[in-house]
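Please open the model in your viewer and keep the selection tool at hand.

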Amino acid sequence: MATTACFIIVSRNDIPIYEAEVGSATKREDAAQLHQFILHAALDIVQDLAWTTSAMFLKAIDRFNDLVVSVYVTAGHILSICGCFIDGIKFVFLFLS
Amino acid sequence: MDPANTPLGKMLLDEITPVVMVLSTPLVEEASLKNHLSFVQMLSPFCSFNNIDVPVRTASDQPYRLQKFKLRLFSASDIRQPNLEVAKEQLKHFISQAGDKDDMFSDPPQISNLLASSESEIQPSWFQFFNKELVRTVSFSEHEAFDHPVACLLVVSSKDEQPINRFIDLFNTDKLPSLLNDGAMDPKILKHYLLVHDNQDGSPEKAAKILTEMKSTFGSNECQLLCINSSHDGPVEPQDNPWAPYESDVSPSQCVGCFLNIDDSNEIKDLMQDLSSKHIIPYMEQKIRFLNQQVSATRKGFRNQIKNLWWRKGKEDAVDSPDGPMYTFSSIESQIRVLGDYAFMLRDYELALSNYRLISTDYKLDKAWKRYAGVQEMMGLTFFMLDQSRKEAEYCMENAFNTYLKIGSLSQQNATRCGLWWVEMLKTRDQYKEAAVVYFRLCSEEPLHSAVFLEQASYCYLLSKPPMLRKFGFHLVLSGDRYKKCDQIKHAIRTYRSSVSVFEGIMWGHIKDNVHFRIGQWYAILGMDDLAVKHMLEVLACSHQPKTTQELFLRDFLQIVQKTGKTFEVLKLQLPQVNISSLKVVFEDHRTYASPAAATVRESLWQSLEEDIIPPLSNVRTNWLDLQSNSKKYKESNVCVAGEAVKVDIEFKNPLQIPISISGVSLICELSLGSDDASSSTVELQNDDDFKNLITNRDMSSDNVSFTLSEVDVLLGGAETTVVKLTVTPKVEGLLQITGVRWKLSSSVVGFHNFESNHMKKKNAKGRRKSKHSCSDNLKFIVIKSLPKLEGFIDSVPEKVYAGDLQRLVLELRNQSEFAVKNLKMKVSHPRFLNIGNQKNLNSEFPACLERKTSSDPCCVGDSSSSLSQNVFLFPEDTLIQEGTPLLWPVWLWAAIPGDINLYITVYYEMADVSRGMRFRTLRMHYNLQVVPSLDLSFQISPSPSRLHEFLVRMDVVNKTSSESLQVHQLSSVGGQWEISLLQPVDTIFPSQSLMAGQSLSCFFMLKSCRKSLTSEDKISTLSPVLGSDVGLGPEDSNQPLFDVSSSPLADFHHYERLHQEMSHQGDPNAVDFILISRPLTSGDSERPHLFSHHACHCRQYFKRKPNIVASGWASDTIS
């Protein structure tokens, strides 16, 4: 099955500082903006949730149809890294210093 | 909080109430239609009771009193499932109407305002109505008993023939609702007989007679007489019209209920009250008690339960249809459901709940999913009304919702109703977030309904605590898209516009672009082009979008603009981007520039060059008064001269990947006449509005001729950055201010950019910065009277020359104005390279003019040395440059060393007419030379073995050029004390007589010292080169004349070369200078004769030096 994923790093004050569209699915024309909408809206949930849990990785906190949003929140909530996926691809981070 | 007082409670008390079926004859309808009302409509306002106060005793022995009660009246033809398509059409029509009422022009609400207002204020009021209508689309389903008529009201008019028979016929026709005929409900329902008498038809005596007849036939309790249309005075407008809600159905000229006077109203009211309290409620009580007994007998108790379970298990292989098995009214399952619904309607919720629970498991076991879902739904509502176990209530609602959805599309409407009740339940408990999720789940294939649900969901997000604004915005956008799909553009715009305030200022480019682009597009569809353009402008500079999207945005934008046929003027148009920091202003006050390149040279460089020739500033001032005013004014603004262009360079950047065409780029300027008007000089543009006014003012007075502007057309390729060169030429004196730049995008949209306001912003953002002041002042000029201005250039300066190349060039100075200039001075930054010649050189032939004359004329030597000492060349005092007669003056260019050489030349001149604003001006010229190596020259001097005063000189020459062949012409020793001569004949030295590229050559000379007095010679050698001795190296037979190395310009260049080379070692009286003169064998351009001279200075014995440059002095390798 075709997969799609959008990966965005968001800094403080909701400023996206990195965006990547990955996945093998044939790109829908408006995929980029739909993903932005979904991830931007998911920040509302992140905002609530980040204070209630000590976990940094918040799995499947929000969904829109078959797109699932998982978030990684860094310490101090300085950055949040969102991804939204079809078909539950594993969320793998490579941290490069 | 009492559940009955919540919105959902009120809704339930309104919707789940006993239904009364009305069967009436046509004459009854005719009588009521005089009031423009149907009979049902006439009765309906009196069916709702707030204080009926009826004692009720249901299953338990304890009676309770019922206060609120309502009957729902339907004519028999309406008691059927509404047609879904018709209902949809009606809803669509209704939504379109609601959209038309929207105000498209007002500003969308700000998010802070929204947060401060309550739910009812922010939500469009028609949502409530929409939801109600949706709930009604599933009424009269056979799986729910609360919509089944409890009673039947048979109505016959007193004008009807044989009224008794009519009563009987009414119920026996086959026009009864299918519910009764199909066996879904008990056809033996409560019947009530009503005789209607129209008072306009005469006195009610005949009616009374019929009534007695009726009473004897149907029983005295069940019959009643109703007299209507008692108002004899013709149509009247009743006060407090209870039928006002029906007014919208008729034309405004007709008055609803016009023949019904207060007596009629009271009579109807009494009738309905009587019907409710004396007939319907007791009947329901009775039925509840009866059914309860029945249920207790068959289903209650351990034995019955086991039996029931056993019996149902046995039925497991029954048909698995979505509706489950058919249940007739007489089945125990239907009876339990009726019992539950009746108990619910009489508000005995405990009894209702226990029965719903009982039947729920039965339906589940029977896999009668629709009935099961219906019961679950009712259970949820009962839990809610009991205000206990919230969790269970929600669980039941969710279960019902999911079960309806599971059945398939047929039950979609039921799911919708269930969802709407569920949402209300969540809202009542302030669970807005969950409510929003339910709204989202309500979205179905029907896009219009989905749109409304999504919009309601968005408001739920807004109302949740804390408000989820991003979700609010997102769902508004989703909703807008669906509205658009259903061609509800006005609604689409409304939702998108509300979301703008959420997405304002965020950095998520795709979101912003999408919102503004869609709004723009939709406004354009509606023909509201101004607003469309306003929103489209926001998306133009979308550098983050892919190329196709950029093209789409730009194309749509231009289409809209073209459609309007107007020329839009847009402040700070983002296409292209104007780089304000790149703003560069070049203007000419007393400093003028011969070429654009000269203007880019650092001012400090020019200043150091001009130090000697510009009179000190104090000379300009005449008295202290003048001094003050002048200096102040001049400090504030720059000075420019009328008729001379002020050049502005500004960088335009195309943020897109597609090319854009820009035309008519020009500056926006303001020229206030009369520079002494102090107030005008202090006027500053406070904001953009002022700026806009300025623009329009300027446009209106387009015949303004006080200045001229240049217009430039540019085609900017994808992501290209171009520096646009603009000029403004003031024509009259005054105060000129450059305020901004304007351009036309694709010849349809005019963009402006204000230099100043942008500037202010930067200032605010970055705090105080000194440089600001100077920059803003850069754009203000005092225009003074037109002045003569010299234009000058050196004719045909080569870009690339060989080292040692000596050329004669001509400096041409022109004066375009009618006023003459005088007192010319000139200074060159590198006199080693460029030397000013003598006027008489101009016409003589080069290089013949350098040849040694037989009657030598050494006067020029003295001339040049005097001017050289000051480094400033003074033109003869009588030089006056007039209009039309250019001054030509020869200059000598000699490429001293290889490398990249920048030559700066400045010409100072004074106005012949002192009264003009400025006394002097300077002309600055700049040239760049590339000098490549040619001959590499070195000398070795060794003492002659035989004679004390003679030396052997070995000369090594290497031709370092790539292709040029050079003919060595002459070697000269400089200074009188040396005499040079050949050791061998020339032919033996230069068999080929030329040096090919890359060829090297060594030859020997004899140098003889003829020094007499050491002191006198010393003096001469330091002061100026005196006559030296020359050796011709050309072919002997040609007998070419030798060049005079002791006259200008060779002597001058030699002087500088000596000075330069002296730096590295002190002057030694025993040192000797050589000059090798050569000529190219094949000159590149034949028109211009070339001469190469290479100078080797301070050559001496016993000294070691490292070669550093070509043609410089070489000491010999010491022989010792």
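**A tour of chain B**

Begin with the largest pocket, whose volume is about 2,000 Å³. Of its 48 lining residues, select the closest to its centre: Gln41(B), Leu73(B), Phe74(B), Asp78(B) and Arg136(B). A pocket here is an open set of points on a 1 Å grid over the protein atoms alone, where a 1.4 Å probe fits, with protein on both sides within 12 Å along at least five of seven lines; lining residues have an atom within 4 Å of a point. Grid points are joined across faces, edges and corners, and the volume is the space filled by probe spheres set on the points.

This is a predicted model, in which local features need pLDDT of at least 70 and side-chain atom pairs count only at pLDDT 80 or more, while totals for chains, interfaces and linings use all residues. Residues are numbered from 1 along each chain as its sequence is written, chains are lettered from A and ligands numbered from 1 in the order in which they are written, and side-chain values use heavy atoms, with hydrogens and water left out.

Next, colour the elements of chain B that each supply at least two lining residues: helix 1 (7-15), strand 1 (19-24), helix 3 (39-43), strand 6 (72-75), helix 4 (84-100) and helix 7 (126-136). Helices (H or I, at least four residues) and strands (E, at least two) are DSSP runs numbered from the N terminus. Helix 4 of chain B gives the largest share of the lining, seven residues. By class, the lining comprises 20 nonpolar, 15 polar and 13 charged residues (Ala, Val, Leu, Ile, Met, Phe, Trp, Tyr, Cys and Pro count as nonpolar, Asp, Glu, Lys and Arg as charged, and the others, Gly among them, as polar).

Now select Pro466(B), in the loop between helix 19 (447-463) and helix 20 (469-485) of chain B. A cis peptide bond joins Lys465(B) to Pro466(B), with omega about -5°.

Finish at Ser746(B), in the loop between strand 19 (734-745) and strand 20 (749-754) of chain B. Its phi is near 50°, a positive value in a residue other than glycine.
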